[in-house]
Amino acid sequence: MERYVLVYGAYGHTGRFVVAELLRRGLTPILSGRDPSRLGHLAAQFPGLEVRQATVDDGESLANAVRGTGLVVNCAGPFLDTAVPVAAAAVRAGAHYLDVTAEQAAAQQVYRAHEELGWRSDVAVIPAMAFYGGLADLLATTAMAGWEDADEITVAIGLDRWWPTEGTRSTGRRNTATRLVVNGGRLVPVPSPAPARDWDFPAPLDRQMVTGMPFTEIITMARHLAASSIGTYLSTVALEDIKNSATPAPQAVDEDGRSAQQFVVDVVVRRGARERRISAAGRDIYAVTAPLIAEAAWRLMDGRAKVQGAAAPGEVFDAADFLDALSPRHLTLRRETSG
């Protein structure tokens with residue numbers, strides 16, 4: 001099995017978590033990105049790891065970077081600029097591709113490129129394999145098991161705080177595309193003004209005001225889950241944090257580098273009078289992306305994945321088994337059924 005994983009944007013906040021988790025899981029990261037100085041600094045912290053500098057506007061450098069790898073993880077935003085070039089280089093080299101985008105338009109670009117440019121289907125191309133996007137997709141896929149369709153899928157993302165990284169802020173400035181939800185079985189613009197409501201989250205959170213704020217989970221779920229309505233809400237306090245330019249970046253409070261931030265991703269699937277609810281709770285939305293990526297990497301490399309070219313996480317992996325593999329070290333899972 002090919003254990004070499006190129007991590008593009010390895011020196012970023014999320015990239016560092018991904019590198020450390022890949023090493024912990026027995027895979028061999030190759031450090032890559034646009035900035036040679038930051039790559040050198042990171043390499044000093046991980047002695048022995050190979051460094052391959054590359055830029056998205058230099059196809060040859062990207063081709064050299066991905067050569068000989070089994071998988072490419074793109075952690076370098078804004079993904080509107082990086083996703084398609086890095087994914088294309090990975091596919092040409094026969095390497096699986098994962099990224100951590102929360103940008104709906106970037107995920108759509110990757111799916112569209114795969115279809116329109118005729119990318120090969122024997123390698124996986126999975127955008128949004130992260131806290132935003134992938135986690136909710138896996139939860140909803142698990143909740144939908146045995147149902148061919150649903151009336152409604154509602155995702156509520158609860159955060160006690162959001163300390164945004166500079167990468168998150170720069171991506172937000174770059175991402176001006178209209179956000180989408182599913183209504184009537186079709187992708188449509190999110191209502192304006194955004195809907196707001198109270199949501200009773202499981203522990204460790206409680207009741208919070210939430211505001212309609214769809215991320216990439218809408219795009220991934222719309223590909224493979226038949227539902228008349230799919231929408232996402234985010235804690236209003238988290239939105240206020242990220243809108244405030246004075247909100248600080250996350251600070252490490254444990255030996256793993258995680259912040260004190262707590263989250264719950266709560267998914268409710270309704271079909272007629274029947275309702276299924278599943279939630280995942282944990283610490284630090286940036287840090288938890290790393291085990292999601294590492295678990296996906298292992299499953300792609302050891303054959304526990306349905307490789308079909310461009311796809312959503314729930315199409316490729318056994319969603320319930322995937323989530324159980326992350327519990328309880330990284331996620332606390334809860335399931336309820338009513339009706």
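Mentor: Let us begin with the rings: F131, Y132, W162, F215 and F263 are linked into a cluster by ring pairs. Rings of Phe, Tyr and Trp (its six-membered ring) pair if their centres lie within 6.5 Å; planes under 30 degrees apart count as stacked, over 60 as edge-to-face and the rest as tilted. Please note that this is a predicted model, in which local features need pLDDT of at least 70 and side-chain atom pairs count only at pLDDT 80 or more, while totals for chains, interfaces and linings use all residues. Residues are numbered from 1 along each chain as its sequence is written, and side-chain values use heavy atoms, with hydrogens and water left out.

Trainee: How many aromatic pairs does the structure hold, and why is the pair of Y132 and W162 classed as it is?

Mentor: There are six aromatic pairs in the structure. For Y132 and W162, the ring centres are 5.6 Å apart and the planes lie at 35 degrees, so the pair is tilted. This pair links distant parts of the chain: Y132 belongs to helix α6 (residues 131-143) and W162 to the loop between β7 (150-159) and α7 (166-174), 30 residues apart. Helices (H or I, at least four residues) and strands (E, at least two) are DSSP runs, numbered from the N terminus.

Trainee: Is Y132 buried or exposed?

Mentor: Buried means under 20% relative accessible area, exposed over 50%, and partly exposed in between (1.4 Å probe, protein chains only). Y132 has a relative accessible area of 9%, so this residue is buried; W162, at 5%, is buried too. Another tilted pair is formed by W199 and F201, at 6.3 Å centre to centre with 45 degrees between the planes. W199 is buried at 8%, and F201 is buried at 6%.

Trainee: Which ring does the charged end of R223 sit over?

Mentor: A charge sits over a ring if NZ of Lys or CZ of Arg is within 6 Å of the ring centre and within 35 degrees of the ring normal. The charged end of R223 sits over the ring of Y111, 3.9 Å from its centre. R276 lies over the face of W147, at 4.0 Å from the ring centre.

Trainee: What is the count of salt bridges, and where does R25 lie in the chain relative to E295?

Mentor: A salt bridge is a side-chain nitrogen of Lys or Arg within 4 Å of a carboxyl oxygen of Asp or Glu. The count by this rule is 20 salt bridges. In one of them, R25 and E295 meet at 3.1 Å, N to O. R25 is in the loop between α1 (13-24) and β2 (28-33), whereas E295 is in helix α10 (residues 289-301), 270 residues apart. R25 is partly exposed at 23%, while E295 is buried at 4%. A network of salt bridges links R25, E295, R299 and D321.

Trainee: Finally, in what order do the strands of the open sheet lie?

Mentor: Two strands pair if DSSP finds at least two bridges between them. Six strands form the open sheet in the order β3-β2-β1-β4-β5-β6, with parallel pairing. β3 (51-53) and β6 (125-126) stand at the edges, each with a single partner strand, so one side of each has no neighbour in the sheet. Strand β1 (residues 4-8) is joined to β2 by five bridges, and the two run parallel; Y8 has S32 in β2 as its bridge partner.
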